Amino acid sequence: MNNYLLIESGDPFESNDVLYYYELSKGLVEAGNEVTLFLVQNGVLAARPSAHSVALSALCQSGVKVLTDDFSLRERGISKLAEGIVAAPIDVIVDHLAAGHKTLWH
């Protein structure tokens, strides 16, 4: 089993590439890996209760740990998150890198 950190900075309302990244996260979990999806910058926009948050909540239920950068949330005035999504400090990325997790940034 490998540990993966996938970082998403894109807005799913602007680009369908973001949904591919969600599918990649799910596929890695289904293959027996531990996956954290960390949303930063405009990627946090999908964490609000909306049509795109349904996909994120489904990822949480499939075993992907979905975190959002608390600073990016504050910058965008987002206080309510969809089910299963957790706000976290950017330090989480450093912790994953220090632990040697395989990391992809989109």
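Q: What makes β2 and β3 a pair of strands?
A: Four bridges join β2 (residues 34–39) to β3 (residues 65–69), and the two run parallel. Two strands pair if DSSP finds at least two bridges between them, so these strands qualify. In β3, Leu67 is the bridge partner of Phe38. Strands here are DSSP runs of E with at least two residues, helices are runs of H or I with at least four, and both are numbered from the N terminus.

This is a predicted model, where local features need pLDDT of at least 70 and side-chain atom pairs count only at pLDDT 80 or more, while totals for chains, interfaces and linings use all residues. Residues are numbered from 1 along each chain as its sequence is written, and side-chain values use heavy atoms, leaving out hydrogens and water.

Q: Why are β4 and β5 called edge strands?
A: The open sheet has five strands in the order β4-β3-β2-β1-β5, with parallel pairing. β4 (86–88) and β5 (102–105) each pair on one side only.

Q: How do you know that Glu30 and Lys26 meet in a salt bridge?
A: Their N to O distance is 4.0 Å, and a salt bridge is a side-chain nitrogen of Lys or Arg within 4 Å of a carboxyl oxygen of Asp or Glu, so the pair counts. Being four residues apart in helix α1, Glu30 and Lys26 are separated by about one helical turn.
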